[in-house]
Amino acid sequence: TPLSGDRIRQTFLDFYAARGHQVLPSASLVPEDPTVLLTIAGMLPFKPIFLGQRPAEFPRATTSQKCIRTNDIENVGRTARHHTFFEMLGNFSFGDYFKEKAIAWAWELSTEVYGLPADRLVVSVFREDDEAFAIWRDQIGIPPHRIIRMGEADNFWNSGPTGPCGPCSEIYYDFHPERGDDSIDLEDDTRFIEFYNLVFMQYNQDLEGNLTPLQAQNIDTGMGLERMAQILQQKPNNYETDLIFPIIETAAKIAGIRYTKADEATKVSLKVIGDHIRAVVHMIADGITASNLGRGYVLRRLIRRVVRHGRLIGIEQAFTTDVAESAIALMEKVYPNLRSREPAIKAELQVEESRFRETLDRGEKLLADIMSGLPKGGEICGIDVFELYDTYGFPAELTQEIAEEQGLTVDMAGFESEMAKQRDRSRAAHETIDLTVQGTLDKLGGQLHETEFLGYTEVSSSARVT
Ligand code: ATP
Ligand code: MG
Ligand code: MG
Ligand code: MG
């Protein structure tokens, strides 16, 4: 039988503990660093050590870190591998071991402990990192054509315009080795999945962009727990692993449907619910409350999306606390604070869900107003349809359905073009996102500002109707 998600996590921590790493608990999703919105990577709690602002208590550490990446929100349910909430397993060296050991251990863990066949693995290195290339080729024995040199965007890490930085090396799993090695394209996610990223912090970058070697070289790594579960449990995506699927089944049961029999759109909705509810219970457990600002706004937006996708699959009644219960039950052994914070989690969900349902009701009234202003056989313009969708969570199909009942048509092309504009905005934010802490903050900040949700404070937007 394949390893459970919990075993995969424990196996990772045990492996590095046996190699002199201090096992530390996951830090909160609310970072200590006041300039960062949410914990986006396992390295974030150690950032002051890497920057030389705080001494390391241990030369080596290993963690399973709760992470949230809002830049992946549009990928949720659409790619097989992206979540908002996920766990990043990591091993860290603070001026202790470096490239050789990091690579050798990552390989040993992947192949001998997790048992991945060597000929299913492909690695990437930074274009100029001949040292890492040579270690993979000569010490590990990877055929050179399966060591792919990549550019700065994917394989160079820094933590801002100045400070420690360095090349990365990633390990990918190959789902389709039968396609041959002639043209290995690591961007092809029907074939490859990145699961382990090793960062070699070896330079200091100064204001002019010059790189000088660091005295104390550091290792920072990240392995996606859900991705390793997908690979080892041989599932078509992260969502069908034992880490998430029980939550999806709960939501499906409430909707009176079966995941396996569902069409693609319904599956996406179920995946969104499964993903977001995990994020939501952990965020509230870590003390975040819904608001229109910062991380509170992220929480509100996630809850709204859960409710909206619930409606899309036919759930009429309040249901988020029941799905949350399923998520708490699934994760409480590893994260006991979920159970101790259960009352707060459910209370927050109850309030937010009922408020949002009222917003949806107001959207229905707004739609009625729009329609009453139109002549018989008239058309609802695309901007109105988009606004109903964006502000009131009204799916365009619902607007269309109601309009048809009244003998009206809907400018779906206009709606689609508004949607495309929004996608462009979030893609621009997505493409430029990186792991640099300040960079992520800036871009998140920009993203949030752009999409700032006004539906709660400006609900009676009769001005917009006229
Ligand atoms: P991708 O290219 O697939 O978006 P990434 O390069 O952005 O991944 P890293 O920043 O290198 O990811 O993070 C380290 C590891 O964390 C990845 O190799 C992956 O296993 C995992 N990971 C990153 N982002 C996500 C996510 N949104 N959901 C689940 N796991 C993730
Ligand atoms: Mg990414
Ligand atoms: Mg990547
Ligand atoms: Mg990566």
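## Domains

Domain bounds here come from an automatic or database domain assignment. On that basis the protein is divided into domain 1, residues 5–232, and domain 2, residues 244–465. The structure is a predicted model, in which local features need pLDDT of at least 70, side-chain atom pairs count only at pLDDT 80 or more, and totals for chains, interfaces and linings use all residues. Residues are numbered from 1 along each chain as its sequence is written, while chains are lettered from A and ligands numbered from 1 in the order in which they are written.

The C-alpha centres of domain 1 and domain 2 lie 32 Å apart. Between the domains, 28 residues of domain 1 are in contact with 29 residues of domain 2, contact meaning that the C-beta atoms of two residues, placed from the backbone, lie within 7 Å. On the side of domain 1 that touches domain 2, strand S2 (60–68) and strand S6 (156–158) are the elements that give two or more residues. Helices (H or I, at least four residues) and strands (E, at least two) are DSSP runs, numbered from the N terminus. The residues on this side of domain 1 comprise 12 nonpolar, 10 polar and six charged. In this classification Ala, Val, Leu, Ile, Met, Phe, Trp, Tyr, Cys and Pro count as nonpolar, Asp, Glu, Lys and Arg as charged, and the others, Gly among them, as polar.

## Surroundings of ligand 1

Ligand 1 is surrounded by 17 residues, of which Asp72, Phe86, Asn197, Gly222 and Gly224 are the closest. A residue is near a molecule if its C-beta atom, placed from the backbone, lies within 6 Å of it.

Four elements each supply at least two residues of this shell: strand S3 (85–94), strand S8 (192–205), strand S9 (211–224) and helix H6 (225–232). S8 gives the largest share, four residues. Sorted by class, the shell has six nonpolar, five polar and six charged residues.

## Helix H12 and its partners

Helix H12 (residues 342–372) and helix H8 (residues 264–285) have axes that come within 9 Å and cross at roughly 120 degrees. Axes are lines fitted to C-alpha atoms, for helices over the stretch in contact, and angles run from 0 to 180 degrees between N-to-C directions. H8 and H12 are therefore oblique to each other; angles under 35 degrees count as roughly parallel, over 145 as roughly antiparallel, 65 to 115 as roughly perpendicular and the rest as oblique. Val281, Ile284 and Ala285 of H8 meet Ala344, Ile345 and Glu348 of H12. Five of these residues are nonpolar, none is polar and one is charged.

The axes of H12 and helix H13 (residues 382–392) come within 10 Å and cross at roughly 165 degrees, so the two helices are roughly antiparallel. H12 contributes Thr359, Leu360, Arg362, Gly363, Leu366, Leu367 and Ile370 to the contact, and H13 contributes Asp384, Leu388 and Tyr392. This contact has six nonpolar, two polar and two charged residues.

## Helix H10 against H12

Helix H10 (residues 320–331) packs with H12 at an angle of about 150 degrees, and their axes are 9 Å apart. That makes H10 roughly antiparallel to H12. The contact joins Thr320, Thr321, Ala324 and Ile328 of H10 to Glu342, Ile345, Lys346, Leu349, Gln350 and Glu353 of H12. Its residues divide into four nonpolar, three polar and three charged.
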